[in-house]
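Please open the structure in a viewer and keep the selection tool at hand.

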Amino acid sequence: MTDYLVPILLLGICCAALRKKENAYDLLLTGGADGLKLLVSIIPALVMLLTAVTMLRASGAVTLLSHFAAPLFDFFGIPPETAILVLIRPISGSAALAVGTELMATYGVDSQIGRTAAVMLGSTETTFYTISVYFGAAGIHKTRYTLLAALMADCTGFFMATLTTRLFFA
Amino acid sequence: MVMSWVFAGILSISLLSAMYLGNGSALAAAVPKGAQAGITLAISLAGSICLWSGAGKLMEHCGLTHFLSKLLRPLLHRVFPDTKKDPLLASALSGNICANFLGLGNAATPMGIQATKRLTDPKHPNFATDQMCRLIVLNTASIQLIPSNVAAVRVSLGCTTPFDILPAVWLTSLSAAAIGLLGAFLLGKVWRHD
């Protein structure tokens, strides 16, 4: 079912745009160009962070960290190998992408750990960044329970990523 | 500034554990390898980002965003009661949620900021209101139809069915949003202003 979702969505939006007499192809091209500009702007971050993350893995620190995180992660059934992703996801989107890619490459993209990492990446956001951008722009200093509630959502996401991966791919 | 500390932190942890475990040569080899991997990742993302940014532009113009906002209206009234008397807030909020849903991060942020500004309490302009917290929670739960970046990374690593994680992603982000909102509702009851 998911096989047809993406092609149907692409065709659907093209037809909808044509019905509204919009120049669908032109819109695709301008949007695509904007996307590439965005990508170029994040390349330096991707290079720096993947360097740091690859060093972290090669040094053995990731194995040590997973080892220390194992009791807590095992309790919730989350693979301890994803500990580093869980730690960095709320702080930086590019770093999380770097860590997640490295996890998928190390353990296999269709492995349980690789899939869990992919679901975690796809279903959570950069919490600290979102709060600082939205509240910074609106001049909010007293954030009250926002961070707590957002981190609750993140933790649910990490836990559910493990659960759903097991549910759909066991 | 946070990222400078994160970067320095990662480097010092790497150095210390490499010295402790005797992984010096692997650490040195990781430096050029990691930098190369950054470029490889960027290239493997390029096609997908280009395609989906184009598709996103099309979704904005073809009326899909408008249609989704209409569908969202009843839910919006419940979670953000202020939208009943503030149509501008309603359109900024539904725009923000729809843009996130369609993976248009660039379009979502300005509308989210606009909604946050309209949600400010005139009596306490520095305080986060309950509805603001709910907006942040909805944004951090990242309810997204097609997580295209993750799919692109999976394809680049040899996955033949990059979209097979979709049901798991949807279920996960919906539960995260539900628990986050529930938590925000409960915390809002006990955590009053000042």
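Rings of Phe, Tyr and Trp, the last by its six-membered ring, count as a pair if their centres lie within 6.5 Å. In this predicted model, three such aromatic pairs are found over all chains.

**First stop.** Select A:F76 and A:F159. Their ring centres are 6.4 Å apart and their planes stand at 75 degrees, so the pair is edge-to-face, a class that requires over 60 degrees. A:F76 belongs to helix α3 (residues 61-76) of chain A and A:F159 to helix α8 (residues 146-169) of chain A, so the contact ties together parts that are 83 residues apart in sequence. A:F76 is partly exposed, at a relative accessible area of 44%, and A:F159 is also partly exposed, at 31%.

**Second stop.** Select A:Y145 and B:W191. These residues form a tilted aromatic pair, with 6.2 Å from centre to centre and 50 degrees between the planes. A:Y145 is in the loop between α7 (127-138) and α8 of chain A, while B:W191 is in the segment after α8 (166-190) of chain B, so this pair joins two chains. Is A:Y145 buried or exposed? A:Y145 is buried, with a relative accessible area of 0%, whereas B:W191 is partly exposed at 37% relative accessibility.

**Third stop.** Select A:R115 together with A:F169. A:R115 lies over the face of A:F169, 3.9 Å from the ring centre.

**Last stop.** Move to chain B and select B:R134 and B:F185. Here the charged end of B:R134 sits over the ring of B:F185, at 4.2 Å from its centre.

Conventions: Residues numbered from 1 in each chain as written. Chains lettered and ligands numbered in written order. Predicted model: local features only at pLDDT ≥ 70, side-chain atom pairs only at ≥ 80, totals over all residues. Heavy atoms only, no water. Phe/Tyr/Trp six-rings, centres within 6.5 Å; stacked < 30°, edge-to-face > 60°. Helix = DSSP H or I, 4+ residues; strand = E, 2+ residues; numbered from the N terminus. Buried < 20%, exposed > 50% of the residue type's maximum accessible area, 1.4 Å probe, protein only. Lys NZ or Arg CZ within 6 Å of the ring centre and 35° of its normal.
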